[in-house]
Amino acid sequence: MGLKALSLGLLCVLFASHFYTPMPDNIEESWKIMALDVIAKTCTFMAMCFENMGIMRYEEFISMIFRLDYTQPLSDEYITVTDTTFADIPVRLYLPKRKSETRRRAVIYFHGGGFCFGSCKQKSFDFLNRWTANTLDAVVVGVDYRLAPQHHFPAQLEDGLAAVKFFLLEKVLTKYGVDPTRICISGDSSGGNLATAVTQQMQNDAGIKHKIKIQALLYPGLQITDSYSPSHRENEHGIVLTRDVAIKLVSLYFTKDEALPQAMRRNQHMPLESRHLFKFVNWSVLLPEKYRKDYVYTEPILGGLSYSLPALTDARALPLLANDSQLQNLPLTYILTCQHDLLRDDGLMYVTRLRNVGVQVAHDHIEDGIHGALSYMTSPFYLHLGLRIRDMYVSWLDKNL
């Protein structure tokens with residue numbers, strides 16, 4: 001029995017060490033984050049094993065785990081919570097119960113999950129949206145857009161646009177008592193990508209009467225044009241989100257063809273006709289010097305993918321590719337970035353580009369931040385970091401919406 005226990009213990013140590021990522025010195029609750037990182041990477045390893053054995057696809061296994069975290073629409077003494085549809089798009093609606101003599105503010109939230117996973121029904125996002133509604137006395141809408149790879153781009157964007165346009169109808173705003181001049185679109189990670197793209201589309205559509213007052217983007221992923229920026233290099237084996245996982249997920253957003261992620265890993269996936277777009281994501285110009293460090297900029301190699309994939313040059317899919325004229329009409333923007341995050345440079349470059357065209361931007365950079373921190377705000381996996389980001393986000397909304 002003793003030998004078996006020892007063997008099992010050694011196996012566990014070897015298994016954990018395989019997924020161990022050294023924690024930066026400034027990380028708060030480092031042991032808890034280390035445990036979460038090992039769990040995330042173990043799930044990824046198991047998912048890849050199952051896929052290689054032909055049992056189930058990677059995304060099917062991870063989605064199964066995510067669904068265990070879904071919640072029912074439970075109202076409380078302050079907020080009425082209901083699952084409904086806006087233009088046939090599933091949404092979760094949070095309505096404050098207290099009486100209001102004036103029309104309320106509203107927040108439309110797009111959840112993260114790499115375009116492939118998750119829901120506004122997840123415990124963490126339900127908690128965040130409920131907190132936002134109660135703290136701001138605001139109407140909050142969580143959008144349950146379709147997921148890849150069952151639905152590739154532009155399905156997610158189309159769902160987001162349809163839900164937002166429906167919500168902005170006069171009869172709907174009146175029904176929920178919403179002030180049309182005080183509406184925010186926000187999102188985190190891939191949801192930040194969708195929030196960015198939807199806001200760009202809404203603000204540049206002359207046919208839309210009610211415009212968005214502010215947008216809030218939390219560690220958003222905005223480009224894959226250059227998959228070898230400094231934050232990609234620094235966080236190749238990063239906490240929770242690694243470069244391989246990010247490339248796999250964004251590839252599934254576009255196609256199931258394995259040639260795309262293979263080309264992305266080499267940074268050779270952009271088509272020959274895309275060179276003019278590199279100025280929009282040139283980190284050697286757009287990143288502040290402290291983040292460029294001593295890295296040497298090398299332009300991605302063109303034409304490494306044997307077929308054309310129009311989404312790779314579409315600003316609706318990769319909003320950092322939008323030209324300056326599309327950015328000029330954007331509203332007051334809040335961007336939060338995290339130091340230890342593969343997607344850090346996307347948000348930093350967007351801050352620069354927006355400011356360069358005169359858009360007002362509030363930027364918070366979390367020096368001890370990691371990707372996906374908002375997913376860890378509820379037991380048993382809550383982090384003080386997640387709660388801190390929640391408070392910064394909601395506080396900014398309260399002052400500006």
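**Close-up views of a predicted model**

**View 1. The loop that holds D341.** D341 is found in the loop that runs between β7 (332-340) and α14 (344-356). The model shown in this and the other views is predicted. With a relative accessible area of 1%, D341 is buried. Setting aside residues up to four places away in sequence, D341 touches Y219, S231, N235, L241 and H371.

View 2. S189 sits in the loop between β5 (178-188) and α7 (190-203). Is S189 buried or exposed? Its relative accessibility is 10%, so S189 counts as buried. Beyond residues up to four places away in sequence, S189 touches G112, L218, Y219, P220, G221, L343 and H371. Y219 and H371 are among the residues touched by S189, and both are also among those touched by D341.

**View 3. The open sheet.** Eight strands form an open sheet in the order β1-β2-β4-β3-β5-β6-β7-β8, and the pairing is mixed. The edges are formed by β1 and β8 (361-370), each of which pairs on one side only. From one strand to the next, the twist averages 20 degrees. Strands of a sheet pair through backbone hydrogen bonds, either parallel or antiparallel.

View 4. Strand β1 (residues 79-86) and strand β2 (residues 89-96) run antiparallel and are joined by eight bridges. Within this pair, T80 stands opposite L95 in β2. The hairpin has two residues between the strands, and A87 takes a positive phi near 55 degrees. How many bridges join β2 to strand β4 (residues 139-143)? Four bridges join them, and these strands also run antiparallel. Here V91 stands opposite V143 in β4.

**View 5. Two helices on the sheet.** Helix α4 (residues 123-136) lies across β1, β2, β3 (104-110), β4 and β5, and runs at about 40 degrees to β2. Helix α7 also packs on the sheet, where it touches β3, β5 and β6 (214-218). The direction of α7 makes about 140 degrees with that of β5. From its first C-alpha to its last, α7 reaches 20 Å over 14 residues, close to the 20 Å expected at 1.5 Å a residue. Of the 14 residues of α7, 13 are buried, so this helix is largely enclosed by the rest of the structure.

**View 6. T378 and its contacts.** T378 lies in the loop between β8 and α15 (384-400). Its relative accessible area is 16%, and T378 is buried. Apart from neighbours within four places in sequence, T378 is in contact with K123, S124 and F127. These contacts of T378 fall in helix α4, which covers residues 123-136.

**View 7. K41 in helix α2.** K41 lies in helix α2, which covers residues 30-52. K41 counts as buried, at 12% relative accessibility. Although K41 and I239 are 198 residues apart along the chain, their C-alpha atoms are separated by 9.0 Å.

**View 8. Cysteines without a disulfide.** The count of disulfides in the model is zero. A disulfide is a covalent bond between the sulfur atoms of two cysteines. C49 counts as partly exposed, at 26% relative accessibility. For C184, the closest cysteine sulfur is in C120, and the 16 Å between them is too far for a bond. C184 is buried, with a relative accessible area of 0%.

**View 9. The domain placed by UniProt.** The unreviewed UniProt entry places "domain: Alpha/beta hydrolase fold-3" at residues 107-257 and 311-373. Residues 107-257 are 43% helix and 17% strand, with end C-alpha atoms 36 Å apart. Residues 311-373 are 27% helix and 30% strand, and their end C-alpha atoms lie 28 Å apart.

How values were computed: Residues numbered from 1 in each chain as written. Predicted model: local features only at pLDDT ≥ 70, side-chain atom pairs only at ≥ 80, totals over all residues. Heavy atoms only, no water. Disulfide = S-S within 2.5 Å. Buried < 20%, exposed > 50% of the residue type's maximum accessible area, 1.4 Å probe, protein only. Contact = heavy atoms within 4.5 Å. Pairing = 2+ DSSP bridges. Expected span 1.5 Å × (residues − 1). Axes fitted to C-alpha atoms, helices over the stretch in contact; angles between N-to-C directions. UniProt positions renumbered as here; feature names shortened; annotations may be inferred.
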